[in-house]
Amino acid sequence: MTSIYGPVTDWATDFDHAEPEYNENAPALWAELRETCPVAHTDRYNGTWLPVTHELVTQIAYDTEHFTSRSVIVSPFEQLAPAPIGGAPPITSDPPFHHDARRLLLPAFAPKKIEQWEPDVRTLCKGLLAELGDADVIDAAAQYAQHIPVNVIALMLGFPVEDADIFFGFVHDVIEGINVELEQRMQAFIRLDDYVDRQVREHVENPRDDLTTFLLNSTIFGEPLGLEHVRGSIVLLLIAGIDTTWSAISSSLLHLATHPEDRERLVADPSLIPTAIEEFLRAYAPVTMARMVKEDVEIGGCPMKVDDWVLLPFPAANVDPAAFDRADEVLIDRAENRHLAFGLGIHRCIGSNLARLELRVAIEEFLAHYPRFELATDKVTWSVGQIRGPRTVPVRIR
Amino acid sequence: MRVLLDLERCQGHNRCYALAPEIFDVDDYGIAVLLDDGEVPPGLEDKAMLAIANCPEFAISLADSTNAGTAS
Ligand code: HEM
Ligand code: SF4
């Protein structure tokens, strides 16, 4: 896919988060911007802001008066569904509609419901590891991490697990194919919607105990959910849950492949894994969201105008030394960790309990299977766009 | 020692319940619930402080010791 904008000339005034250099160099770039220009701007995508401090990211996340969630993925020419519902409730919804659309999904993702999925997640991880056999080098991202969230969400939605690769492709197109021609981008959405519609129809005919049937039977404001709403929520769960969690698992494994002392410590004491995971989520947070300006407002001295895009880089906020001690170090036993990897305020990630479960079990099983491994390349490829994570992590396991 | 929970702020990040299940529970929507009205069982003061320090929404605080009864 080729960019319609061309190479970046200046990262403070012409940045492009969808150019590969952005995710490759993000931590250094944020550090530089914090010192020189804490709110970067670009004319790309019809005008986009990038605040990089913890203070400003927090302020915008809580400010639903001046900012709308109508669209949370920056793109040049989205045909936007109107506020307050948006195309994929609740992530694209604003108050007051947002509250009810969110409340509908919360029970399925509440801690005690998610705990019940642990045996399935563990079986899946063990199965993937068993399949890797006895090669010298395996790809911890592409051959392991990538397959975990996609299979888990297929199980929860009651979609055919064999199709995991198919909807994986859709998600890739939607998240990474941002600065491509409109035609190409619309095609990606149409393919995704068609696929989901087929699955939904199949559930209308054969209802069963899964999330899709649950949505079909749900009501909002006393009315059954429209098919549009059901499709939107499913598309959201696919898009929100897959690349994000894959990225988080891959970043954690990349860290362990390059920090033998941390790896050995977790192998010796797996009870530290939950604490380490919070630190990986802080230091390598995968998700940057976006907002659109709803009412003109000045933020950090910058005049934000109606319909401007504003990126919300939670990952940059998480490494701001104004908010965290030793912010640029990864301390796997960091006890106080108020990180923002899952966002803040009314849109807090609904899948956070599931993502944490997948991340913990994925790391536990990987370390149990391969107590010793090291990075087998000096060049790691990164994702492109608002979800940041390494796409290939080849590791030598013997 | 007693903790307070601000339900206006709680968004269900579930850090409190994960770190200090003796003090916090969660409801069917994943929103925090205080067990025993926030009273911290003796010996678990550190866990209470850990929950406070890890809540991303600053929804948990320490009850003022002057109206928290006899501090243990
Ligand atoms: C490590 C993995 C993940 C990370 C870092 C992450 C991060 C986030 C963030 C930062 C938001 C806030 C969006 C905003 O403020 O606009 C969010 C929202 C959301 N996430 Fe996640 N997510 C992850 C995994 C998942 C999973 C596994 C699911 C479900 C299967 C999921 C479902 C959602 C949903 C439904 C929302 C919208 C909530 C709302 O708008 O009320 N996420 N996520
Ligand atoms: S950690 Fe904070 S936001 Fe999360 S459930 Fe507990 S009180 Fe609520």
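Let me begin with the conventions. Residues are numbered from 1 along each chain as its sequence is written, while chains are lettered from A and ligands numbered from 1 in the order in which they are written. Because the model is predicted, local features need pLDDT of at least 70 and side-chain atom pairs count only at pLDDT 80 or more, whereas totals for chains, interfaces and linings use all residues; side-chain values use heavy atoms, with hydrogens and water left out.

Chain A holds 15 helices and 12 strands; here helices (H or I, at least four residues) and strands (E, at least two) are DSSP runs, numbered from the N terminus. Its radius of gyration, 20 Å, is close to the 21 Å that the globule rule gives for 398 residues, so chain A is as compact as a globular protein of that length. That radius is taken over C-alpha atoms, and the rule is 2.2 Å times the number of residues to the power 0.38. Of the 398 residues in chain A, 58% are buried, where buried means under 20% relative accessible area, exposed over 50%, and partly exposed in between, with a 1.4 Å probe and protein chains only.

Next comes the iron atom. Which protein residue gives a donor to the iron of ligand 1? The single donor from the protein is the SG atom of A:C349, 2.2 Å away. Donors are N, O and S atoms within 2.8 Å of the metal (3.2 Å for Na, K and Ca), and water is not among the atoms, so sites may look incomplete. A:C349 itself sits in the loop between helix 14 (314–317) and helix 15 (352–369) of chain A.

Helix 15 of chain A also contains A:I363. This residue, A:I363, is buried, with a relative accessible area of 0%. Beyond its neighbours within four places in sequence, A:I363 is in contact (heavy atoms within 4.5 Å) with A:I249, A:S252, A:L253, A:L256 and A:I273. A:I363 and A:L256 are 107 residues apart in sequence, yet 9.6 Å apart in space from C-alpha to C-alpha.

Consider now helix 12 (residues 260–268) of chain A, whose buried residues are A:D262, A:R263 and A:L266. Viewed down the helix axis, these buried residues fall within an arc of 100°, so they line one face of helix 12; the arc is that of the directions from the axis to the C-beta atoms. They pack against helix 11 (227–258), helix 13 (273–283) and helix 15 of chain A.

How many residues of chain A are in contact with chain B? There are 22, and they meet 20 residues of chain B. The area buried between the two chains is about 1,800 Å², with carbon and sulfur atoms giving 48%. Buried area is the accessible area (1.4 Å probe) that two parts lose on being put together, summed over both. A:K112, A:R338 and A:R348 supply 32% of the area that chain A buries against chain B, more than any other three residues.

Finally, the backbone. Most residues other than glycine have a negative phi, and most peptide bonds are trans. The bond from A:P89 to A:P90, however, is cis, with omega near 5°, and a cis bond also joins A:P95 and A:P96, with omega about 0°. A:D307 has a positive phi, near 75°, and is partly exposed at 41% relative accessibility.
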